[in-house]
Each structure stands twice: as structure tokens, then as C-alpha cells.
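Colleague: Could you walk me through this model? I'm new to reading structures, so please take it slowly.

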Amino acid sequence: MTTDRMVHLTIDDQEIGCPEGWTVYEAATAAGIHIPTFCHHEKLVPVGACRMCLVEIEGTLGLQTSCTAPVREGMVVRVHTSPRAVEARRANIEFLLTNHPLDCPVCDKGGECPLQDQALLDGPGNSRYVEEKRHKSKRYPLGEFIVLDQERCVLCWRCIRFLDEWAGDHELDLFGRGAGTRLTTFQGRPLTSKWQGNTIDICPVGALTSRIFRFEARVWELTNTPSICPLCSVGCNTFLGVKNNEVRRITPRENPEINDVWVCDKGRFAHSFVDHPERLTTPLVRRDGKLEPATWSEALDVVARGFKAVLDQDGSQAIAGLGSTRVSNEASYLFQRFVRSVLQTNNLDHLERMPSGATPLQSLPNLEHRDVIVLLGADPSTEAPLVELWIKKAVLRHGAKVIVINPHKIELSRYGGPWLGYRPGSGLALLNSLMRALLDTGLRDRTGRATNVDEVRAWLEPFGPDRVERTTGVQAAAIRQAAELLAQAKQPIILYGPNWLLEGPAGSAALLPTGAPSEQRAGLVRPALDLVANLALLLGGVEAGFVPWDHNTLGALEMGVAPDLYPGQQPVTDNRVRSRMASFWGSALSPVRGLDFDGMMVAAREEGLKAMWILGADPARHCRVAGNLLGQIPFLVVQDLFLTDTASLAEVVLPATSFAESDGSAINLTGRLQAVTAAKYPPGQARADWWIITQLARLMVPPKQQRAWAFSSPQHVLDEMAKVLPGYRNLDRAAMLAGGWQPPRPQEAQRRVFTRVNAVTPKEDPEYPLVLCTGRLLYDRGALLHHAEPVQHVVPEGYVMIHPGDAGQYGLADGDGVSLVSRAGRLRSTVRVSDEVAPGTVFAPLNVNDAPLSVLFDDRWTWPRVQVVK
Amino acid sequence: MQTNVLLRNVGVADSYQIETYVQQGGYQALAKVLEEGQPSKVKEVVLNSGLRGRGGAGFPTGRKWMFLPKGVYPRYLVCNADEGEPGTFKDRVLMEHDPHGVIEGIIVSSYACEVEHAFIYIRGEYNLGYQRLRNAIDQAYAAGFLGKNIRGSGYDLELSLIQGAGAYICGEETALLSSLEGKRGHPKLKPPFPAAQGLYRKPTIINNVETLFNVPFIVLNGSDWYRQWGTELSPGIKLFSVSGHVERPGVYEVPLSTPIRDLVYDICGGPKDGVPLKAIIPGGSSTRMVRADVAMEARLDYEALCDVGSDLGSGAVIVVNEKTCLVRLVARLAGFYRHESCGKCIPCREGTDWMYKILQRIERGEGRAEDLPLLLDICNNIAGKSFCPLGDAAVQPVRSSIERFGEEYEFHIREKRCMVDG
Ligand SMILES: Cc1cc2nc3c(=O)[nH]c(=O)nc-3n(C[C@H](O)[C@H](O)[C@H](O)COP(=O)(O)O)c2cc1C
Ligand code: SF4
Ligand code: SF4
Ligand code: FES
């Protein structure tokens, strides 16, 4: 426990002041006095086990472990000036080395090994050990990702403690005793923790090695380039270790605001898609119906002529651009600039758009200090793992409670908080009911700031927990328990995810085309957002943060890859904004709002859409309907890393670079702008998005506009973004590189009024008695992971999870092969019987089957009703 | 010279049954304290008696009890019945022959410390002791000496009996607590000391069986009565487990400060078969061995044994005669510590392994001249550096034997054979 009081002590004759509550080790380290350690790690609770850090403290008997000894006023400590302590540490290294295999020449840790360093610094020069060394297993796989060398292990416990203290996954432990002590898992079961890779970093020797990196390179052969993990919205800071132009290893880069010193296993181990042999290495142009390799000038020429022809014949309304939540800001910015100024249209969108009105989370580290965390249609463990780690910190260190409001249980349900497992489609009724129960608790008058509390009481009248039990499938007691917890909470927070947005009145899936005009779409998401705001207001105006799925979800919106918004989320219909943009971009701009993706698909169906450019998205894979429609667009251009389902429909395919191969930036879920740096050359002729867009623009714009497209690097693009985006004027590039730059947050008007939300009862359909809900797994066969072999081993086969009661009723047993049948289609799957899903609901994970789940969705994109038949 | 207080029920027919115990005057100390209703008075008399812990460390029991933080509940009391120290078997006799005495000691001490849940952690191999205690606890519950509202006093006490699983380290108090909590038997960091934060992080008193067994007698007879025996710093009576080369090994009760010679010659019948003695290990394998001639001049109390460079320990007197090869004996003991080291800290885990390997090599006749200084060096590097006292304990037989019987090692190394086997 650190307090504000300062303590003064002397270490090796140096006078030191440090806060009360520090350990001697911390004080010494801060003063630049090195004390060797093995078991101690600054992120773990000290255990004082290894005895490596012994020092002499005047007035105490014997030597003390500095990693556990608290500082005291006037203390006199001797580290290097005490012959006894020096000798004890030398002896300790000698002890360790007696049975250490000393196979440094073939050890992955060699070159960055604390044992090596300390043996060199403080250890004896030669060995007095002539006995036979102990033999243990040299190659003991602990799981899919890690191999243990039990001979190298110094039994420091760091790996065990990390999994216990941070991940809450008590999977590793010591077995046997004394000299025969071994590290292993319970009953030899494979490690499953998604955090296991971190144990490799904190292991002070080469005992834990990555099965992916093992023997790939000596660490000093790697060039480590600072980067950002592209696999979820957290954007963990990393180093990409590259050798011979291949990414060999990813390690975390410390950032206290985001990932501390950790990274999840997906981010660490799933990098092989970067160097995958199926990466596109040349542009492809369709000739005689077949995609054939072409040069860049050929391909760009075909694209420029194709777009021009459509513009000339059908006008700019017949053309559209679809961007992505996964590409850099620079790519998104230039892409929309191109579509708007060169193609002269606002027909622009991206999938999985963050709805306007959803607010980003303010801070990750702050999660640690929340006492009640509500997860609403969000599963951080699979969707944004670092969020889970911060939540676990709150739970494991401070006893926070987690309320899970989700049709199926999630990993964070393990802490025993209430689970409100509602039937998909009844979420609005459930949340109304939770509010009603909250009002019933009295709430200790948190609602002061709201102006219409009495109204809300009246609206919520019909939503008593007992009355919604039947529609939602949630027991009244669970709702009341959650309400009780929330009423007591001092620092609650609500986190909601994309799945919650599907709880609109008719349901709506931002990621799936509905065929409905976009205004209506926005109207569909609205109630789900309003309810979140209502709940936050009822709790006293607490924070509610959206947890998106993709890497640059916030960036795509902020850069204006949207039919209605310019960069900085400024409306395209605002004349003043438009003329500003026009002057920046040196071209007149369309004053009308463009088509969103649904609108584009409607236009495609009606044959009004003649050309489309898709950047880094694969709608054909996620939606059968969209795939068919995209196939009907006469001139489709796709820019991607792989020949995706969508790319195979294109006239021209442009090979793009991955996050490892180009500079750029991205905005993470808390709104931090972070730099990504190129760590290697792209494969073959693949080129960065900004380059491709710039080249194409130069081919298409008239001579006097050429200067507007004179970008020669992504940094130039960023220069322009800094001018164009409100709030980016003071962009701090150094900060952006060092740990992220936080643009000023727009001042949100404090909400004071509850919005009435009427919950509709989902219609029953006796023929299709169950409701399907979907969700993400941590490891799946999605666009990138599909090309990352090491993690493909841990992706399960597709399954459908069904409640034991329902399984009994329909005569289904675990492992049964079944068909999932909806009014729209059918899909083969395997049954998993589990009470982790609510009765009446079935859960099937996204992106694991060969056939996508979207075959089951119809045009309305509510959660489909299904039957499960053998 | 022998006293008959602690062992008074041993040898009585059915001594382990509650009726016998009560007939012999049992549960009277409990009745007395309940009647007086003043826990602090019990603490006081124990403090004044000067009773010291019989588990090995000899810490004054009354002082330990005073460390309990005021006003923090629940508190626990743990009776350490792990008895793992080689040479020690006195607690076993008490548990097998006088289980109710053990229980009464626990109840009275728990009452003194305001504990409402006590535990007995018994060595896994003590089968008969376990059964007798199990039976006695059930009887005590049935008779209302345990459970709710004991004898109408309003005082509640639960007593749980837990078996160990064969690890010596689990006799060390913090490792014992880890084990009780269902965790790996690893010692825990001190401070916090158990009295402040022990079992489940609650204030916890841990005492040896014999320590607690003394308490009812002190309560009934007073501290002056107890102090009629022994010395100022080592008052009272003590059980000694005598093993090795004497005519009548066994458990004996004598006042502290009894001369070793009296115990060995008069009580235990002297050296077995008249073979002259070579060494005495006076307090269990974790105490330093002493040359027999020196030991015979010493008394069995904390101060006197310290003066001859050893310790009272758990009162396990191991008598070694001249026909015994000390190198082999020490190698055996080193093997014990190597096997029992919990593996948590480097000096003990690696040091005990190394010492054992060297000693075995010397035993095999492959010793080298540099081995003795090396062994002493290893001893120095373990002692005071390890996490818990097991490491220090492991050093004692090795260092004391090399220092005091170096010629045997030298002979072994030089002649590549044993001095005594011929
Ligand atoms: C390695 C080791 C083993 C121990 N084994 C025992 C034991 O078996 N029984 C025991 O009473 N104390 C044992 N102790 C001593 C205990 O840690 C503790 O000091 C004792 O139980 C306290 O009780 P007392 O004060 O009544 O002696 C052991 C200590 C160590 C370091
Ligand atoms: S594997 Fe590494 S981190 Fe784990 S106990 Fe062994 S040395 Fe320590
Ligand atoms: S000294 Fe160290 S290894 Fe030995 S028993 Fe104690 S903690 Fe375990
Ligand atoms: S680092 Fe202090 S004991 Fe291990």
C-alpha cells in the first residue's frame, strides 16, 4: 500500500526518499541500485521465495529479502557494500546453476535471460558442482502454445502467480517437492488460458518457450519494431520481431493506459497471416472471366477507366465505396476523400459501423476501480481480451461484481455475479424491468439529476420482474439481485457490445444488409442505445461505454467513411462544413447524403449500382444475400490481403499491405490515436492502401487537381488529417508513437431526461420454437485468423449450444449431428448441451463453420427463429 | 527424578475413553475456567508459568498468546500434531493414550484465546492416534465439552481433526496453515505472523500438542506449582523421546534441567550392550550433535544445551554409540532433509540436494579433500538464507558433525572406507 508520506533511508551510503509502503527493492531500483531477483516481478505480489534479492539491513538479524521488506524511516540498507549479502547472492546463483542445464547456445531466452545476466554480473566464475545434474523433461508441452523445459525452470512461480493474480486461471502449479519439484498443470491437462503467452515474457529463464517461435531465431537477430495489435478494438502495444522479412515473434510493449505489459495469446501468436503464402502479391485483372496477374500500371489503368466509364454513363450515384474497420486511418481518410472528391459521391459506408450515439469507453485502467461492472451483450473475453484483464483486476484485487446480461453465459460469468440470460429479442423488456427493479430498491436517491423520474416510474409500471419472466426467460429473482447490486454500487459502469444493438424493436444487424433505408436502420438501433442511456442516468449518470469488435472501428467513423458524415463526424448536409472540405480537397462535393451499405445493396438489386470499390472488407463471406448482389455489380474493385470471397467476384483485385508492412494510425476503443509502424517489406507487389488510392487519384483527376493528390507518404496524409479533423490541430506525433495520443473528447451534453422505450414482445413461432443468437469466439476462422495456422488448432468445430431442458424436449444429446433450420435456410452443426445458454435460446459461434451462419438470417435481420432437427 | 504428571494416564486401562479420563480427574481445568469466566486470567497464569513451546522453537506460550490483536474475530487455534521431526514421538504417546488430555488442553487454551474454532493437524501416519482422537472428540461433543454452549457456559467451540499427507514441512506453522487451507504445503511469508494473520488471514494460535497438554495442569495448580521444576528460563516438566543406543528407549517425563547423564544412564538403562557412546543429538535431528562426553556433563534445558552448542528442540534425544558411522548417519539425515525440502526457495532446495549428493559420494569412497570445505560452505550459504527454518535445520547435522567429528570424514575420504566398519 502506497501512501503520500515519504520515508527516508540509506542504501549503499546513498540517501533516498521514497513513499511509505514501498519495498526496499523498489526504493533501490528507483535510485538506480541494481538488486537481482528471480521470483519477484513488479506486476506480481512479492513472495520472497527465491532469496536472490538478499540484502543486509542494519539492526536486523541475518539477511532480508529486499523484495518483501518494507522501507522504514532511517533504515540503513547494504546491497553491494555488504560482503555478506554479496556472498549470499553469489552463492544463490551458484545453487541455481548446479542443476541448470546451461544449454544457452540452444535456448530461446539466450541473449535476454536474467539468469545469464545475473550469472555474468554476480555469479561465480566456475562451478564447484561435480555431481550428476538432475534430469527432468526437456520438452514438456503445456498446451497449444507453450513448451516447458523443466530442467531450465528455476521454480520462481512467476508464471503460476501471473495466471492466478491476473488471469484468474489457476492452471499451473508446482508438483512434487524439494529437488524433485516440477512445474506442470493439474493432471497434465493442457493450458487453456488466453493469457498464457505472457508467462513466456516473465519467465526469468528459457523454461517457457513459444511453440511458434521456438528455435526460429536468436533474439538478437530480430529487429523489434513498435506496433499495434490489429486483432481487436483494444489495440495492444506490441513489438514485431522480424527476421529475414518475416514476423517471427510478437511481444507486448508497455503501455499503462492500454495493455500494461501484457498481450493476449491471439495478438501474440496469430501473426502468421502476415507471411502467409496465400497473400496477394500482384494485382489481378479479370480477363476472359478469369482473374489474371497484372502489373500495377495495367491494373490501375483498368480501374481508372472502369470508374470513369461509369461516371460518364451513369453518373456518380451509380458508384459506391465500402471501407473497413480494419484499415488504417490514413487509408480510410484517403478512401473517403477519393470517393467524395474524385468519384463525386457520398455513397460510402463500412460494415460494423459504430452507431452514432454510442459513446466510447473513457479509460481501460479505470475499469480496475469499478465495483460493479455490467456487461450488456458484450463478452470482453472473446471480443476485446484486454478489457477482460482489467475487469479481472477489479474482481480479483478489489472484489468487484460482474453482472452479465447476455443470452449465453460468458467467461466473466465465472465470478458468480448475476446472469440475466434473456431470450434474444426481449432485451429491451429486460432492461426496462431491471430499471423498474432498481427504482423499487429506492436507489438511495441517485436519480436527482434526471428531470422526469416520475414519468419513467409510470412507463416502467408494466415491467415488474415477475411480469417479464415469461417473455424474457429471466427469473425475477436474478433481476432483483442485479438491481440490488447496482443500487449498492459506488462506481458502476456499463459496457455494451454490438450484440446489444441487435435488441432493437425488429432487431437490426449493423453488420448485415437489411434492405431497409438507412434512416430506418438508425431508428432500429436507437432504442437499444436509449435504454443504455436510461440505465446510466438512473444510476446517477454513470459511464456507459461501447466495446466494438474491430481494430479501427472508431477510426472508420472518425475518418468519415460514412454516407452522412465527413471526417470528424461532421454532417455532409452542412453547407459550411462542405465548403471547408471542398477547399481542403480542391474539388466540389456532393451535397446529398449517400447510400449506406443497405442502400447500396438495394441499388445493386435494382441494377442502379454499376461500380463499387471495396477496401478491406468481405461482405460476401458474411452474407449470402450480399454476395449474390455484389456479383451483379458490373465493375467491382476489391483491395485486400487475400483472395477473399468478395475479391473473387471482382473485376480487379488490388493487393494491399498488412499492418506489419505500412505506417499508419488507428483509434482504439477508448479513442486513443496510436501509430503503427512498418516492420517489414510487403510481399511481392503488394502496396500500401494510401499509395494505391493516391496513384489511382492521380490517374483520374484533371491536371489542375494533381497537386491535391501529391501525397508521398502516410505522414503527409496525417498532416492533412490534422488540419481537417476538428480537435486534431494539436496532434502530438511523439505521443502518438509513444503510447497513443488522446484527442480532446467532445463535450457530451449531460443527459437529464429518460427516453421512453417501448419493448415489443418477440413473436412466437411454434414451427421454429427456438431463437438463435451468435457471438464471437476468441479464436475463429475469420478473415485473418483463418490464415494463422498456429491458432487454427484451437478453433473448435462449429456447434450449437442448447439448454438441457430444450435438448430433452427435442430428444437431442451432446455430440448429435443436427441441422439448424430457419425460414431462410439450413446449416449442419453439432449439439452441445449446456446450461450456459438460456432456455428457448440456442447459441452458435460466428466464423467457425465453413458455411456462414448468415444463411439462417432472413432479410429482416432479427435474430432468426430456428428449429434444431437431427 | 521422573515426574508423573503428563504421562499419568499412560498405562491406565482404557485411558483413551472419556469415562476413564473423567475418573482420573479430567476436564476439571475446563470446569474451573468456565466457572471463573475470565479468559485473560487463563492467559496470565500460562504467561507466568513460563511455559515454552514444545514443538521445537521453545517460544514462550503465554507471550505468543498476547500477540493476538485485540478485537479481531474469528480467531483460530491449531494444535500442531504433525510430529515429523526425526527422533520425536512424544505427541504420539499423548494422543494415543490420553486423547482427552489433548482435547482438554485445546479447549482451555481456546477459551483463553477466545477462539471458537480449533483444529488438530495430525501427522498422516498416526493412524491409531487419529482414531483415538476421533473417538475422543465425538465423546467430548456428546458430553457437551465441545460444540455449542459448552457445559451451559455460553462458550462455543468447534474442533476439527485434519490429517496431514506425509510432508515434514507441514509441521512448520505457516506451511501447516497453507495445507489446512487446502493449498500446497508451502511456508508463507512472515510477517504477518499467524497470531496476527494466520488461517484464512485471521488471527491464529499454533501450538504443539505437548504445549497445550501442559495448560490444564497449570490452570489447575498455578504457575508457582509449575515453576517448582526447571530453571527460571526453562521452567516445568518435559517429555523426552529417547532413541538410539540405550537399553530402554522410550518417552520419559522429567523436570527440565535434568542432567542428560541421568536420563541416559539412570532412566534409560545406559548404553545399549555397554558399547561406549560417541554422540548425542539432544533435541531432534534439527539440533546440532554433541560429543557424548561433552553432552554427559550438560543438563536438559534451553540454556545449558545452548552452552554446549546445541538446542533442546523438541526433546528428542538420539543416542549414538561408537559402532555407528557418522558419515552414513549424516548422509541419511541429509537425505531426509533433501526429501522434505518443500522446494520453495533456492538455497534449501538446491543446497540440500547438493549436500546429500556429496555425502553419498563420500560414503561410497569417492570423497575429495575439497569436499569438507565445500560442505561447510554450502552450510553457510543455506543457513540464514532460506525462506523457512527447514533450511537451517538441514544444515545442523552436517555442520556440527564435520566440526565436531571431522576426523571421521577425513578418514573416509583418505581411506575410501568407513572408520567403524573396519
Ligand atoms: C520444518 C519444520 C517442521 C516442524 N514440525 C513441527 C511439528 O511436527 N510439530 C510441532 O509441534 N512443531 C513443528 N515445528 C515448529 C512449528 O513451526 C511451530 O514453531 C510450533 O508448532 C509452535 O508451537 P509451540 O510454540 O507450542 O512449540 C516445525 C518447524 C519447522 C521449521
Ligand atoms: S517456468 Fe519460468 S516462470 Fe514458471 S516457475 Fe519456471 S522459471 Fe519461473
Ligand atoms: S527452507 Fe525453503 S525450500 Fe526449504 S522447506 Fe523452507 S521454504 Fe521450502
Ligand atoms: S526476488 Fe526477492 S526473494 Fe525472490
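This is a predicted model: local features need pLDDT of at least 70, side-chain atom pairs count only at pLDDT 80 or more; totals for chains, interfaces and linings use all residues.

Colleague: OK, how many helices and strands does chain B have?

Modeller: Chain B has 17 helices and nine strands, and along its principal axes its C-alpha trace spans about 75 × 45 × 35 Å.

Colleague: And what radius of gyration would a compact globule of 422 residues have?

Modeller: It would have one near 22 Å, and because chain B has 22 Å, the chain agrees with that expectation. Buried residues make up 57% of its 422 residues, and of the contacts with a separation of 6 or more, 70% are between residues 24 or more positions apart.

Colleague: Which domains does chain B get in the assignment?

Modeller: The assignment gives domain 1 (18-227), domain 2 (237-321) and domain 3 (326-415). The C-alpha centres of domain 2 and domain 3 of chain B lie 23 Å apart, and eight residues of domain 2 are in contact with eleven residues of domain 3. On the domain 2 side, the residues that touch domain 3 divide into three nonpolar, three polar and two charged.

Colleague: Switching to ligand 1, where does it lie in chain B?

Modeller: Ligand 1 lies between domain 1 and domain 3 of chain B, because both of these domains give residues to the shell around it. The shell has 25 residues, and those that come nearest are B:Gly53, B:Gly55, B:Gly171, B:Asn208 and B:Thr211. Strand 4 (204-208) and helix 17 (389-415) of chain B each supply at least two residues of that shell.

Colleague: What classes of residue are in that shell?

Modeller: The shell around ligand 1 divides into nine nonpolar, ten polar and six charged residues.

Colleague: And what about ligand 2, which residues are closest there?

Modeller: Ligand 2 is surrounded by 14 residues, the closest being A:Cys153, A:Cys156, A:Cys159, A:Cys203 and A:Ala207. By class, its shell holds twelve nonpolar residues, one polar and one charged.

Colleague: Last topic: how many residues of each chain are in contact with the other chain?

Modeller: There are 26 residues of chain A in contact with 27 residues of chain B. On the chain A side, helix 2 (83-98) and strand 8 (172-175) are the elements that give two or more residues, and helix 2 provides the largest share, six residues. That side of chain A has 13 nonpolar, eight polar and five charged residues.

Note on methods. Residues are numbered from 1 along each chain as its sequence is written. Chains are lettered from A and ligands numbered from 1 in the order in which they are written. A residue is near a molecule or strand if its C-beta atom, placed from the backbone, lies within 6 Å of it. Helices (H or I, at least four residues) and strands (E, at least two) are DSSP runs, numbered from the N terminus. Ala, Val, Leu, Ile, Met, Phe, Trp, Tyr, Cys and Pro count as nonpolar, Asp, Glu, Lys and Arg as charged, and the others, Gly among them, as polar. Domain bounds come from an automatic or database domain assignment. The radius of gyration is taken over C-alpha atoms; the globule rule is 2.2 Å times the number of residues to the power 0.38. A residue is buried if 20 or more other C-beta atoms lie within 10 Å of its own, exposed if 12 or fewer, and partly exposed in between; C-beta atoms are placed from the backbone. Two residues are in contact if their C-beta atoms, placed from the backbone, lie within 7 Å.
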